[in-house]
Amino acid sequence: MVSSRVRGLLLLTMLLALGCGGTQDRHATSALSQSEALELALSLANEECSSKFSLAPFDGSSSPIEFTDGRWHWGGLDLAGHAGLSASVSFDAHGN
């Protein structure tokens, strides 16, 4: 049986991957650097997690960020994460 916390995290992961996790159109004119992309990914994941669970457990050591097929990808399912929380964030090279 899947706990409500795990169901919530799976929903959070899907929403963030689909761009419904509170991202705003940043109208960036240049591509984000790796450190800027990591900062944005952590901010988005912690913002969404904080609104749902009152926790902001993600930091730079949580997961590496990778640029693949024109998109930044961070996170994934991590059952051993802080308080059992995990997230996945994806956005284009400009942070959208």
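Predicted model: local features only at pLDDT ≥ 70, side-chain atom pairs only at ≥ 80, totals over all residues.
Lys52 counts as partly exposed, because its relative accessibility is 39%. Residues are numbered from 1 along each chain as its sequence is written, and side-chain values use heavy atoms, with hydrogens and water left out.

What links Lys52 and Glu48? They form a salt bridge, with the closest N and O atoms 3.4 Å apart. The term stands for a side-chain nitrogen of Lys or Arg within 4 Å of a carboxyl oxygen of Asp or Glu. Both residues sit in helix H2, four residues apart, about one turn of the helix. A search of the whole structure finds one salt bridge.

**The overall plan**

The protein chain has two helices and three strands, and from the N terminus on they run α-α-β-β-β. Helices (H or I, at least four residues) and strands (E, at least two) are DSSP runs, numbered from the N terminus. Of the 96 residues in the protein chain, 32% are buried.

**The sheet**

The three strands form an open, antiparallel sheet in the order S1-S2-S3. S1 and S3 are the edge strands, each pairing on one side only. On average, neighbouring strands are turned by 20° against each other, direction ignored. Two strands count as paired if DSSP finds at least two bridges between them. S1 (residues 65-68) and S2 (residues 71-76) share four bridges, and S2 and S3 (residues 87-92) share six. Within these pairings, Thr68 has Arg71 in S2 as its bridge partner. Towards S3, Arg71 stands opposite Asp92, and Gly75 stands opposite Ser88.

Helix H2 (residues 34-53) lies across S1, S2 and S3, running at about 130° to S3. Such angles run from 0 to 180 degrees between N-to-C directions, along lines fitted to C-alpha atoms, for helices over the stretch in contact. Contact means heavy atoms within 4.5 Å. Among contacts in the protein chain with a separation of 6 or more, 59% join residues 24 or more positions apart.

**Two loop residues**

S1 and S2 form a hairpin with two residues between them. Asp69 lies in the loop between these strands, and Ser54 in the loop between H2 and S1. Each has a positive phi though it is not glycine.

| Residue | Phi | Relative accessible area |
|---|---|---|
| Ser54 | near 60° | 65%, exposed |
| Asp69 | near 55° | 78%, exposed |

**The largest pocket**

How much space lies in the largest pocket? About 160 Å³. On a 1 Å grid over the protein atoms alone, a pocket is an open set of points where a 1.4 Å probe fits, with protein on both sides within 12 Å along at least five of seven lines; lining residues have an atom within 4 Å of a point. Grid points are joined across faces, edges and corners, and the volume is the space filled by probe spheres set on them. Of the 14 lining residues, Phe58, Ser62, Asp78, Gly81 and Leu85 lie nearest the centre of the largest pocket. S2 gives the largest share of the lining, three residues.

Technical notes: Buried < 20%, exposed > 50% of the residue type's maximum accessible area, 1.4 Å probe, protein only.
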